[in-house]
Amino acid sequence: MAIDKAGNEGAWSDAVTFTVRDVTAPGKVSVKLNVAGNQVSLSWQKAKDNTGVTAYEVWGGTSSNDLNLLATLDADQFDLRLEDLEKGEYFYGIRALDLAGNGSDLKLSKAVIKTDLAAPELALLNNQAAKNSITLA
């Protein structure tokens, strides 16, 4: 009910129901990188959020401006290993997602692979070059 300055009372209005939407993104996730040969192990701590984190997205690429979604992981997974990487620089970031779909900003980390991938070893079992074919194992 509303009352004006003169004391006049207005009629009650109809009740209105509304839902407050979660618009708060989870906090940024810092990723720790461990490079060993041609693999990178990523690990991170649980992100903070007002309603709880539901998943983590792992983003990566060879440029900080051109990242690809590499994996979407459950909220209780805090590590990932990437193998068979070629020599070069890689950038990785973790985005935490909450139930409302809000995503944290990416905080990127850089990994440098200094080792060339080993060339596959081929063993000739039966050299049949004269017949234009070679059997490899």
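Analyst: **One residue and its setting**

Trp12 is exposed, with a relative accessible area of 66%, where exposed means over 50%, buried means under 20% and partly exposed lies in between, using a 1.4 Å probe and the protein chains only. This is a predicted model, in which local features need a pLDDT of at least 70 and side-chain atom pairs count only at pLDDT 80 or more, while totals for chains, interfaces and linings use all residues. Residues are numbered from 1 along each chain as its sequence is written, and side-chain values use heavy atoms, with hydrogens and water left out.

Trp12 sits in the segment before strand 1 (31–36), and together with Met1 and Ile3 it makes a nonpolar surface patch of about 400 Å². A patch here is built from residues with over 30% relative accessible area and no salt bridge, with nonpolar side chains (Val, Leu, Ile, Met, Phe, Trp, Tyr) joined within 5 Å and like charges within 9 Å. The areas come from the Shrake-Rupley method with a 1.4 Å probe, and for residues only the protein chains shown count as cover.

Turning to the whole protein, there are nine strands and zero helices, these being DSSP runs numbered from the N terminus (helices H or I, at least four residues; strands E, at least two). Of the 137 residues, 27% count as buried, and the accessible surface of about 9,900 Å² belongs to carbon and sulfur atoms for 49%. Among contacts (heavy atoms within 4.5 Å) with a separation of 6 or more, 55% are accounted for by residues 24 or more positions apart.

Side chains of opposite charge can pair when their charged atoms come close. A search of the whole structure finds three salt bridges, each a side-chain nitrogen of Lys or Arg within 4 Å of a carboxyl oxygen of Asp or Glu. In one of them Arg95 pairs with Glu57, the closest N and O atoms being 3.8 Å apart. Arg95 lies in strand 6 (residues 88–98) and Glu57 in strand 3, so this pair ties together parts that are 38 residues apart in sequence. Glu57 is buried at 14% relative accessible area, whereas Arg95 counts as partly exposed at 23%.

Lys110 and Glu89 also meet through their side chains in a salt bridge, at 3.5 Å from N to O. This pair links distant parts of the chain, with Lys110 in strand 7 (residues 109–113) and Glu89 in strand 6, 21 residues apart. Lys110 is partly exposed at 46%, and Glu89 counts as partly exposed at 40%. Arg81 and Glu83 form a salt bridge too, with closest N and O atoms 2.9 Å apart.

Finally, a word on confidence: pLDDT is the predictor's confidence in each residue, from 0 to 100, and its mean for the protein is 88, with 86% of the residues reaching 70 or more. Over residues 128–137 the pLDDT is below 50, and beyond near neighbours in sequence this stretch has 13 contacts in the model.
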